[in-house]
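This briefing goes through one protein structure by topic. Please keep the sequence and the model in view while reading.

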Amino acid sequence: SQARRFLSVGMACRQVAFLRAQRPEDVPSGLAQQCLGPKAARPFVSRFAERVFPVDAASRPRLEDFRVIASSVLAPHVGQTWRLIFEQFRGGWNTISREDALSVCKGILDAENLSVSDPQRSVVVTLTPKFVGLSVLEMDVEDLEVQTEP
């Protein structure tokens, strides 16, 4: 039997579903760039989902743990202009703040390269009560919106 490519991890919080990729080559940020946004060859369409937030690396929602994953995920993007996209889902308020995430990113990617208007990379931080996720995209946050009609 053939293994499933994606597994449902379930609902970490209300109205948020998570899928886990089974293949090492299925990096969530890469998949998002293939099926979302204006450059998508075969756009993802759903009448249930509004947005997709890829998570390439995750840790417990603690600042020390976030620093560890940020250093490995963000290191290949040093020297690029970037902006932060911080999405907080139901809870996690006493864990990592937007300011904490921005400070960590500035320490690795350099504050001088922060560009709100024309970034080369979008750093996506997803915070829930159970984990903090991180990914880096070569697309705008608006491109994470899902089409409702083909």
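What order do the strands of the open sheet have? The open sheet of 4 strands runs in the order 3-6-5-4, with mixed pairing. This is a predicted model, in which local features need pLDDT of at least 70, side-chain atom pairs count only at pLDDT 80 or more, and totals for chains, interfaces and linings use all residues. Residues are numbered from 1 along each chain as its sequence is written, and side-chain values use heavy atoms, with hydrogens and water left out.

**Overall make-up**

- The protein has 3 helices and 6 strands; helices (H or I, at least four residues) and strands (E, at least two) are DSSP runs, numbered from the N terminus.
- Read from the N terminus, the elements follow the pattern β-β-α-β-α-β-α-β-β.
- Of the 150 residues, 40% are buried; buried means under 20% relative accessible area, exposed over 50%, and partly exposed in between (1.4 Å probe, protein chains only).
- Among contacts with a separation of 6 or more, 69% come from residues 24 or more positions apart; a contact means heavy atoms within 4.5 Å.

- Strand 5 and strand 6 pair in the antiparallel sense over 6 bridges, and a hairpin joins them through 4 residues.
- Val-123 stands opposite Val-136 of strand 6, while Val-124 has Ser-135 of strand 6 as its bridge partner.
- Strand 3 and strand 6 are also antiparallel, over 3 bridges, with Ser-59 opposite Val-132 of strand 6.
- Strand 6 is largely enclosed by the rest of the structure, because 6 of its 6 residues are buried.
- Val-132, Leu-134 and Val-136 lie on one side of strand 6, and Gly-133, Ser-135 and Leu-137 on the other.

**Helix 2**

- The 12 residues of helix 2 should span 16 Å at 1.5 Å a residue, and its end C-alpha atoms are 15 Å apart, which agrees; the expected span is 1.5 Å times one less than the number of residues.
- Leu-63, Asp-65, Phe-66, Ile-69, Ala-70, Val-73 and Leu-74 are buried in helix 2.
- These buried residues fall within an arc of 150° seen down the axis, so they line one face of helix 2; the arc is that of the directions from the helix axis to the C-beta atoms.
- Glu-64, Val-68 and Ser-72 are exposed on the face turned away from the buried side of helix 2.
- Cover for the buried residues of helix 2 includes strand 3, helix 3, strand 5 and strand 6.

**Helix 3**

- Ala-101, Leu-102, Val-104, Cys-105 and Leu-109 are the buried residues of helix 3.
- Their arc around the axis is only 165°, which puts them on the same side of helix 3.
- The opposite face of helix 3, turned away from its buried side, carries the exposed Glu-99 and Gly-107.
- Helix 2, strand 4 and strand 5 are among the elements that cover the buried residues of helix 3.
- Just after helix 3, Asp-110 takes a positive phi of about 80°.

Notes
Pairing = 2+ DSSP bridges.
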